[in-house]
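My entries follow in the order in which I looked.

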Amino acid sequence: PKSSSSSAFRLTTSKILYLGNNGEAVIKNVSGISYEPIGTIENMKSNEFDQTKNLKLMADCGAICNTSTIIFEDNVHKVSGTPTEGAIRVFVEKLRSLDSKFSPKTNPAPMDYNDFISENYEIIYHLEFDRDRKSMGMLAIEKKTNKTVLFIKGAPEFLIAKATHYLNESGAKAELTQDLKSKITEVISESFLKQSLRTLALCYRDDLPEFNNINVRSKEELKLYFKDLTNFSKIENGCTVIGFAGIIDPPRKEVKDAIKTCKIAGIKVIMITGDNKITADSVGKEIGIIDDSNIQSRSWIASEFFKIPVEKQVSLLKE
């Protein structure tokens, strides 16, 4: 597992988006620029957090649908796991000061609030990430209701397309119309992706008729169900959008310097990404790989680049 300390600027959840009671986009900045779980939500008080049901469920999803761990070692906070999941994990921990139901300890541990949330759920199956559906999920049982819930996080463009509803601030589900999907996609593009923020959608499903005839506490029965790999994607269809998290991943200074050196040496660089292309293009411009004049030939999604003939790939480097 990867591990990083808080001694420098790390991947950090810096902005979130959730939907109001009329479907309007609510965008909030998140303070803090390291893995130290200290920070807060812009202009949000404890009583407001208690009433913002979709934000509270974002915390649940971020804590449950996550395999990273915050640790405190050598007097710094570190993350064991992927930096992206670590950024979500730290974001969740920052919310502890806003939750009136959480009673912090005198010296809270790095994972106190995450553990507090996790105590309400029994995780029963991990739907691992894959590049086709660009998402991962955790199947869990909510202990208070004994209800099976699927928490999902992944690429917004994929999960918005699969979603049929959104959760509003009051905690009610509302239809996610095609018009609203387009508006949300536009807001994410302008306020997140074009700002070089790696963006994740957080979603859930608590209506799971697929498991009516399955003992969800039986690992063998679940393994048999998910042996059909198409079920990983199918079970996410009809999900409900909870919100979105924007993660800042600042390019290192030496990367920009290296690109300058390549240009001086006559070396042409092409950017091939597995991330969202809008975000990648924004970063590519920032570090000097692309500009508006060459964006079509210098910036590629990996799946598209490797579909073109090798001769074309080579010619792109000669242009």
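I began with strand S2 (residues 12-19), which pairs with S3 in the antiparallel sense over five bridges; strands here are DSSP runs (E, at least two residues), helices are runs of H or I of at least four, both numbered from the N terminus, and two strands pair if DSSP finds at least two bridges between them. Lys15 has Asn29 as its bridge partner in S3. The two strands form a hairpin with five residues between them, and in the turn I noted Gly23, whose phi is positive at about 85 degrees. Strand S3 (residues 25-29) has a covered face made of Val26 and Lys28, while Ala25, Ile27 and Asn29 make up the uncovered one.

A note on sources: this is a predicted model, in which local features need pLDDT of at least 70 and side-chain atom pairs count only at pLDDT 80 or more, whereas totals for chains, interfaces and linings use all residues. Residues are numbered from 1 along each chain as its sequence is written, and side-chain values use heavy atoms, with hydrogens and water left out.

Next I looked up the nonpolar cores, meaning sets of buried Ala, Val, Leu, Ile, Met, Phe, Trp, Tyr and Cys residues joined through side-chain atoms within 4.5 Å; buried is under 20% relative accessible area, exposed over 50%, and partly exposed in between (1.4 Å probe, protein chains only). The largest core has 34 residues, and Leu139, Phe211 and Phe226 have the most contacts inside it. Neighbours within four places in sequence aside, I found Phe211 in contact (heavy atoms within 4.5 Å) with Leu139, Val216, Leu222, Tyr225, Phe226 and Ile235. A second, separate core holds 32 residues, among them Cys61, Val149, Leu167 and Tyr204.

I then turned to the second largest pocket, where 22 residues form the lining and Lys56, Leu57, Asp60, Tyr121 and Glu142 lie nearest the centre. A pocket is an open set of points on a 1 Å grid over the protein atoms alone, where a 1.4 Å probe fits, with protein on both sides within 12 Å along at least five of seven lines; lining residues have an atom within 4 Å of a point. Helix H2 (53-64), helix H4 (112-118) and strand S8 (147-154) each supply at least two lining residues, and H2 gives the largest share, four.

Last, I checked Ser118, which lies in helix H4 and is partly exposed, with a relative accessible area of 26%. Ser118 and Asp60 are 58 residues apart in sequence, yet 7.7 Å apart in space, C-alpha to C-alpha.
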